[in-house]
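Hi everyone, thanks for coming. Let me put the structure up on the screen, and then we can walk through it together.

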Amino acid sequence: MLQQKTSYVPYVAQDYAHLKGLTGISDKTLEVHFKLYAGYVTNTNTLNQKVIELTEQGKSGTPEYSELKRRYGFEYNGMRLHEYYFGNLTPGGSELKESSEIGKAIIATYGSIETWKNDFFKVGAMRGVGWAVLFQDPFTKVLSNHWITLHEEGNIAGFQPLLVMDVWEHAFLLDYVPADRPKYIEAFYSNIDWAAVEKRLLK
Ligand SMILES: [Fe+2]
């Protein structure tokens, strides 16, 4: 009897066209970045489909299968981290108020918004390509800034991403030279949608 084929339902890339008009991050940079993001979505879908096919063919013990499995962290996180990144931006930005829930959570951990911001900027300026992320521990609700190398090294299991900043060079190279990454970080900060960040807070 023929075994029925499993069909994987592909994930659809999100549309972030409304972000055009950011301060200090050009529309051209966004266009390039949207295409890169779409590539991660495509690769994630391809990866899932190929893994299913290999499993159905009884080839889940093969080196090919293992290499595809090892790639999950890169492609999935490449897709999802970009969604957090685009999702915490808005043209015109917004103000981080000390009295807001996210403001209070930051102050509870870091003592002041300024101290947290300085640390977040320093993490983002670290050498190498990757991400600066403000995470929340789901158990203690405590916040902490983290560095993620590429897309997969440094994610903490179960931690909730609150604010995600892409510091791969493709995120700013059309607008700033590599040594001017701090200027890009300032531009990123001026475009943060703090209401969107606050919605990610775990209660
Ligand atoms: Fe990126």
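**A walk from Tyr16 to the iron site**

Let's begin with Tyr16, which is buried, with a relative accessible area of 11%. Please keep in mind as we go that this is a predicted model. Tyr16 sits in the segment before helix H1. Which residues does Tyr16 touch, if we leave out those up to four places away in sequence? They are Phe34, Tyr37, Glu83, Phe86 and Gly87. Take Glu83 from that list: Tyr16 and Glu83 are 67 residues apart in sequence, yet their C-alpha atoms are 8.9 Å apart in space.

Let's stay with Glu83 for a moment. Glu83 is buried too, with a relative accessible area of 10%. The side chain of Glu83 forms a salt bridge with that of Arg80, at 2.7 Å from N to O. Arg80, on the other hand, is partly exposed, at 32% relative accessibility. If helices are new to you, here is the background: an α-helix has 3.6 residues a turn, so residues three or four places apart point the same way.

How many salt bridges does the structure hold? There are six. Another one joins Arg71 and Glu75, with the closest N and O atoms 2.9 Å apart. Arg71 is partly exposed at 41% relative accessibility, while Glu75 is buried at 3%. We also have Lys183 with Asp180, where the closest N and O atoms are 3.6 Å apart. Here Lys183 is partly exposed, with a relative accessible area of 49%, and Asp180 is partly exposed as well, at 25%. The general idea behind such pairs is that side chains of opposite charge can pair when their charged atoms come close.

Now for the metal. Which protein atoms are the donors of the iron ion? They are NE2 of His33, NE2 of His82, OD of Asp166 and NE2 of His170, lying 1.9 to 2.2 Å from the ion. Along the chain, these donors follow the spacing H-x48-H-x83-D-x3-H. Two of them, His82 and His170, link distant parts of the chain, 88 residues apart. His82 belongs to helix H3 (residues 72-87), and His170 to the loop between strand E3 (160-166) and helix H6 (181-190).

Is His82 buried or exposed? His82 counts as buried, because its relative accessibility is 0%. His170 is partly exposed, with a relative accessible area of 21%, and the cut-off for buried is under 20%.

What about the geometry? The four donor atoms subtend angles of 86 to 137° around the iron ion, so the arrangement is irregular. To count as tetrahedral, all angles would have to lie between 85 and 135 degrees.

Next, helix H6. Its buried residues are Arg181, Tyr184, Ile185, Ala187, Phe188 and Tyr189. Among the elements that cover them are H3, helix H5 (113-124), strand E2 (143-149), E3 and helix H7 (194-199).

Let's finish on the surface. Val32, Leu36 and Leu174 form a nonpolar patch there, and together they have about 230 Å² of accessible area. One of them, Leu36, lies in helix H1 (residues 27-56) and is partly exposed, with a relative accessible area of 32%.

Technical notes: Residues numbered from 1 in each chain as written. Predicted model: local features only at pLDDT ≥ 70, side-chain atom pairs only at ≥ 80, totals over all residues. Heavy atoms only, no water. Patch = residues over 30% accessible without salt bridge, like charges linked within 9 Å, V, L, I, M, F, W, Y side chains within 5 Å. Areas by Shrake-Rupley, 256 points an atom, 1.4 Å probe, with all protein chains shown as cover. Salt bridge = Lys/Arg side-chain N within 4 Å of Asp/Glu carboxyl O. Helix = DSSP H or I, 4+ residues; strand = E, 2+ residues; numbered from the N terminus. Buried < 20%, exposed > 50% of the residue type's maximum accessible area, 1.4 Å probe, protein only. Donors = N, O, S within 2.8 Å, 3.2 Å for Na, K, Ca; no water. Tetrahedral: all angles 85-135°; square planar, octahedral: opposite > 155°, others 65-115°. Contact = heavy atoms within 4.5 Å.
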